[in-house]
Amino acid sequence: MSKYFSVLLIVFFAIQAQSQAIEGTLLGRWFDNSLVPSSAHFNTYNEIWGLAVNDHEFAVIGSTLGTHFIDVTDPNNPEELFVVEGGSIGAQIIHRDFHDYKGYLYSIADEGSQTSLQIIDITQLPDTLEVVYDDRKYFTRSHNIFIDTATARLYSLISNGTSFGYAPMRIFDISNPIDPQPIGAYYDLDGYGISQVHDAFVRNDTAYLNLGPGGFALVDFENVDTPNVISVLDPFDYPQAGYNHSGWPTDNGDFYYMADENIGKDIKVMDMRNLPEIEVPYTFNASNVEQSIPHNQLVHGDKLYVSYYFHGLQVYDLSNPAIPEKVMYYDTSDEIPAPNLYRGAWGVYPYLPSGNILVSDMQNGLFVIAGLETTSTNEEVVLHEMITYPNPAYSFITIDLPEASANISQYSIYGMDGQLVKKGNYQSGAQISVENLNRGLYLIEIKSDSKRYINQISIEK
């Protein structure tokens with residue numbers, strides 16, 4: 001694909017996405033004015049998680065006090081049922097993180113001299129809960145945690161414990177969910193030195209690792225003693241590199257969406273289909289503004305959900321996974337972006353059975369927002385397999401497609417402002433009239449059941 005065509009395609013989809021985006025519907029809010037903000041970022045609240053237990057839905061939100069359990073079964077009336085105080089509390093606390101496994105919630109913080117890992121039995125919610133593990137042996141801090149539920153392994157990122165010192169990452173066996181056991185510590189990845197692993201997504205031992213200032217690594221940890229490094233991106237290997245913060249793959253692993261936590265840095269769309277080679281065909285930001293900062297992003301079916309600090313919640317459609325299209329937004333913050341400030345939407349959780357979206361705002365607490373319908377998609381975007389001629393065209397064009405595309409039945413032509421200017425039925429080899437279109441550049445799209453063909457056409461008069 002030519003560089004010029006890439007730019008046109010990006011402009012087209014950026015405009016099209018903006019025109020389709022709607023404001024989300026707020027269902028309910030929760031906050032506690034008695035809680036103190038952190039002294040570092042003036043954030044009272046931090047991470048968000050969600051639970052569905054005994055026909056109830058819960059938001060789990062972290063604060064400077066601890067872990068709050070908010071019943072959101074009635075999303076219009078969120079109700080705090082329990083709060084579990086952290087080992088360390090108060091203005092020193094910036095980060096907490098959560099994950100659940102087999103009826104237990106794992107809760108950890110990144111600051112405080114008395115911080116510990118707390119494992120909380122959640123099986124009796126909404127009636128009661130119980131802290132069944134509270135220990136500092138392996139956890140006196142962890143910036144983030146992630147549980148690979150398929151292999152019963154907990155990944156502790158930027159990790160410390162009283163029984164051992166700092167490690168960029170440790171792995172724990174939690175096959176007994178209330179008795180974590182360390183099975184690996186990592187200071188390099190097969191010779192690739194790392195100072196930290198800021199965040200991770202892990203599925204069936206395949207770990208997508210965000211290395212902070214060190215870029216990105218894709219690693220197979222089936223053998224924890226000798227992990228297999230599949231691919232590495234140094235910071236100079238991809239556009240708009242900064243502090244590599246977090247990411248999330250599509251269900252099939254073909255694409256991965258990665259954020260560098262720096263003002264003005266776009267989210268990267270990473271094409272993982274030709275590993276170990278990784279391509280970055282597209283980048284995008286919250287609102288086409290220079291001051292947006294992406295924080296946490298998660299994929300659910302054909303949607304990408306991003307907590308975008310000052311720019312709140314941003315939701316993107318992944319029907320074309322290579323070029324996400326913004327379909328919804330909700331501003332949780334009235335803070336004004338400024339250098340070296342991190343305010344607004346911290347985390348997002350879109351996996352509740354109701355489809356409602358949970359968002360945590362650093363200053364404003366919990367937001368419950370009505371969700372969009374989410375479905376799974378395996379649609380593939382194909383460039384250049386569609387041949388159009390003549391190009392430039394004067395009165396008609398002919399389209400040739402691969403033989404496997406016999407079921408395609410409709411075409412659409414868009415101007416570069418994203419507006420649909422012509423559509424109709426398509427038959428293989430048929431001519432399409434363009435006599436009524438003005439001179440200029442257009443994009444033509446044809447959809448099948450599983451593929452989306454796009455090409456650029458030029459019309460002369």
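User: How many cavities of 30 Å³ or more does a search of the whole structure find?

Analyst: The search of this predicted model finds two cavities of 30 Å³ or more. The largest cavity has a volume of about 240 Å³, and the second largest cavity one of about 30 Å³.

User: What makes a space a cavity and not a pocket?

Analyst: A space is called a cavity because a 1.4 Å probe fits there but cannot get out, whereas a pocket is an open set of points. Rolling a probe the size of a water molecule over the atoms shows where empty space is left.

User: Which residues and elements line the largest cavity?

Analyst: The largest cavity is lined by 20 residues, and Glu47, Asp199, Trp248, Asn296 and Leu298 are the closest to its centre. Two or more lining residues come from each of β3 (45–53), β7, β11, β17, β21 (244–249), β25 (296–300) and β29 (345–349). By class, the lining of the largest cavity holds 10 nonpolar, seven polar and three charged residues.

User: Which residues line the second largest cavity, and how do they divide by class?

Analyst: The second largest cavity is lined by Gly86, Gly87, Ser88, Arg96, Ser107, Ile108, Ala109, Thr115, Ser116 and Gln118. Strand β8 gives the largest share of this lining, three residues. The classes are two nonpolar, seven polar and one charged. Ile108 and Ala109 belong to this lining, and they count as nonpolar because Ile and Ala are in that class.

User: What is known of the second largest pocket?

Analyst: The second largest pocket has a volume of about 250 Å³. Of its 15 lining residues, His99, Phe146, Ile147, Thr149 and Trp248 lie nearest the centre. The elements β7 (96–101), β11 and β17 (199–203) each give two or more residues to this lining. The lining divides into 10 nonpolar, two polar and three charged residues.

User: Why is the pairing of arginine 141 with aspartate 110 called a salt bridge?

Analyst: The closest N and O atoms of arginine 141 and aspartate 110 are 2.8 Å apart. The cut-off for a salt bridge is 4 Å, and 2.8 Å falls within it, so the pair is called a salt bridge. The two residues, 31 apart, link distant parts of the chain: arginine 141 is in strand β11 (residues 141–148), and aspartate 110 is in the loop between β8 (104–109) and β9 (117–121). Side chains of opposite charge can pair when their charged atoms come close.

User: Which other salt bridges can be described?

Analyst: A search of the whole structure finds seven salt bridges. One of them joins aspartate 271 and arginine 273, with the closest N and O atoms 2.8 Å apart. Here aspartate 271 is buried at 9% relative accessibility, and arginine 273 is partly exposed at 36%. Another joins arginine 343 and glutamate 335, with the closest N and O atoms 3.4 Å apart. Arginine 343 is buried at 15%, while glutamate 335 is partly exposed at 26%. Salt bridges that share partners also join Asp302, Lys303 and Asp317 into one network.

User: How do you know that histidine 68 is buried, and what does its side chain meet?

Analyst: Histidine 68, in strand β5 (residues 66–71), has a relative accessible area of 1%. That value is under 20%, so histidine 68 is buried. Its side chain makes a polar contact of 2.6 Å with the side chain of serine 63, and one of 2.6 Å with that of glutamate 80. The cut-off is 3.5 Å, so a distance of 2.6 Å lies within it. Beyond four places in sequence, the residues in contact with histidine 68 include Trp30, Leu35, Phe82 and Val83.

User: Why is leucine 420 called partly exposed?

Analyst: Leucine 420 has 41% relative accessibility, a value between 20% and 50%, so leucine 420 counts as partly exposed. Leucine 420 is found in strand β36 (residues 420–425). Not counting residues up to four places away in sequence, leucine 420 touches Ser412, Ile413 and Tyr414.

Methods:
Residues are numbered from 1 along each chain as its sequence is written. This is a predicted model: local features need pLDDT of at least 70, side-chain atom pairs count only at pLDDT 80 or more; totals for chains, interfaces and linings use all residues. Side-chain values use heavy atoms; hydrogens and water are left out. A salt bridge is a side-chain nitrogen of Lys or Arg within 4 Å of a carboxyl oxygen of Asp or Glu. Helices (H or I, at least four residues) and strands (E, at least two) are DSSP runs, numbered from the N terminus. Buried means under 20% relative accessible area, exposed over 50%, partly exposed in between (1.4 Å probe, protein chains only). On a 1 Å grid over the protein atoms alone, a cavity is a set of points where a 1.4 Å probe fits but cannot get out, and a pocket is an open set with protein on both sides within 12 Å along at least five of seven lines; lining residues have an atom within 4 Å of a point. Grid points are joined across faces, edges and corners, and a volume is the space filled by probe spheres set on the points. A polar contact is a pair of N or O atoms within 3.5 Å; within protein, one must be able to donate a hydrogen and the other to accept it, and residues adjacent in sequence count only if both atoms are side-chain atoms. Contact means heavy atoms within 4.5 Å.
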